[in-house]
Amino acid sequence: MYGHIYYNVARPDPELLRTFADIPTSTLSDAMGRHGALSSAIRPMYQDIRMVGAALTVLCFPGDNLMTHKALQMVQVGDVLVIDDGDYDTGCFGHRSALTVRARGGVGVVASGSVRDVAMLRKERFPVFARSVSPRAPQKNTPGSINVPVQVGGIVICPGDIVVGD
C-alpha cells in the first residue's frame with residue numbers, strides 16, 4: 001500500500017459538514033448503531049476541543065513522516081489530517097505542521113500514534129487527537145501513501161470521510 005498518492009478525492013459538501021458542528025460524537029456513534037467511534041486510546045490533547053471536517057488520510061512508514069509533510073501541501077479548507085503512522089513512540093506530527101494545516105484551512109489532526117510539541121498545540125488551540133505524546137522526532141526517508149484507507153483507533157477511515165472530534 002506504500003507509494004501511492006491520490007490527489008482528487010471527493011469531499012463532503014461544506015454545508016453537510018456544518019450540520020455536524022454541534023452534534024456530540026457519542027450521539028453520532030449511537031446513531032451509527034454504536035459504531036464508528038475510535039478506541040479510547042485516541043485522546044484529545046487538551047480539553048474543550050472540537051472539530052468537524054473531511055479526512056485527508058496519510059499512511060506513513062513506521063517512525064517516518066515523509067508522507068505527512070507531502071500531505072501538508074495537499075490540505076484543503078475543512079480537511080482533517082488522519083495519520084496512520086505505525087509507530088506509537090515517535091512523534092509523527094507537531095506544532096510547525098499544525099501551523100501549516102491551519103494556514104491552509106485545515107481544521108484538525110487525528111493520529112494513530114504520538115504527537116510532539118503538545119504545549120504549543122494546546123497554546124494555539126489546534127485540535128489534535130492522538131494515542132500519546134513523544135518528543136522523539138521521526139525520520140523523513142521512506143514513502144508512504146496519501147488518500148488511501150487507513151486504520152486509526154480500530155476504525156478504517158477512508159479519504160473524504162466525515163471526521164468529528166470532541
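Reply: Start with Glu124, which is partly exposed because its relative accessible area is 32%. Buried means under 20% relative accessible area, exposed over 50% and partly exposed in between, with a 1.4 Å probe and protein chains only. This is a predicted model, in which local features need pLDDT of at least 70 and side-chain atom pairs count only at pLDDT 80 or more, while totals for chains, interfaces and linings use all residues. Residues are numbered from 1 along each chain as its sequence is written, and side-chain values use heavy atoms, with hydrogens and water left out.

Me: With which residue does Glu124 form a salt bridge?

Reply: Side chains of opposite charge can pair when their charged atoms come close. The rule for a salt bridge is a side-chain nitrogen of Lys or Arg within 4 Å of a carboxyl oxygen of Asp or Glu. Here Arg102 pairs with Glu124, and the closest N and O atoms are 3.8 Å apart. The two sit in distant parts of the chain, Arg102 in helix H4 and Glu124 in helix H5 (residues 118–124), 22 residues apart. Helices (H or I, at least four residues) and strands (E, at least two) are DSSP runs, numbered from the N terminus. Arg102 is partly exposed too, at 36% relative accessible area.

Me: How many salt bridges does the rule give?

Reply: The count comes to four. One of them joins Arg11 to Asp79, with 2.8 Å between the closest N and O atoms. This pair links the segment before helix H1 (14–19), where Arg11 lies, to strand S3 (residues 79–84), where Asp79 lies, 68 residues apart. Arg11 has 23% relative accessibility and therefore counts as partly exposed, whereas Asp79, at 1%, counts as buried.

Another is between Arg50 and Asp166, with the closest N and O atoms 3.1 Å apart. Arg50 belongs to the loop between S1 and S2 and Asp166 to the segment after S11, so this pair too links distant parts of the chain, 116 residues apart. Both partners count as partly exposed: Arg50 at 29% relative accessibility, and Asp166 at 35%.

Me: Is Thr57 buried or exposed?

Reply: Thr57 counts as buried because its relative accessibility is 0%. Its place is in strand S2. A polar contact is a pair of N or O atoms within 3.5 Å; within protein, one must be able to donate a hydrogen and the other to accept it, and residues adjacent in sequence count only if both atoms are side-chain atoms. The Thr57 side chain reaches the backbone oxygen of Val148 at 2.6 Å. Contact in general means heavy atoms within 4.5 Å. Leaving out residues up to four places away in sequence, Thr57 touches several others, among them Val82, Ser145, Ile157 and Pro159.

Me: What does Thr68 touch?

Reply: Beyond residues up to four places away in sequence, Thr68 touches Val58, Cys60, Leu81, Ile83, Cys92 and Phe93. Thr68 lies in helix H3 and counts as buried, at 0% relative accessibility.

Me: Where is Asn65?

Reply: Asn65 is in the loop between strand S2 (51–59) and H3. At 4% relative accessibility, Asn65 counts as buried. Neighbours within four places in sequence aside, its contacts are Cys60, Cys92, Pro138, Gln139 and Lys140.

Me: What volume does the largest pocket have?

Reply: Rolling a probe the size of a water molecule over the atoms shows where empty space is left. On a 1 Å grid over the protein atoms alone, where a 1.4 Å probe fits but cannot get out there is a cavity; a pocket is an open set of points with protein on both sides within 12 Å along at least five of seven lines, and lining residues have an atom within 4 Å of a point. Points are joined across faces, edges and corners, and a volume is the space filled by probe spheres set on them. For the largest pocket this gives about 660 Å³. Its lining has 27 residues, with Thr25, Gly36, Ala37, Leu38 and Val164 nearest the centre. By class, the lining has 16 nonpolar, eight polar and three charged residues. Ala, Val, Leu, Ile, Met, Phe, Trp, Tyr, Cys and Pro count as nonpolar, Asp, Glu, Lys and Arg as charged, and the others, Gly among them, as polar.

Me: Which residues lie nearest the centre of the second largest pocket?

Reply: They are His69, Arg96, Ser97, Arg116 and Lys140, out of 16 lining residues. Helix H3 (66–72) and helix H4 (95–103) are the elements that give two or more residues to this lining, and H4 has the largest share, four residues. The second largest pocket holds about 230 Å³ of space, and its lining has five nonpolar, seven polar and four charged residues.
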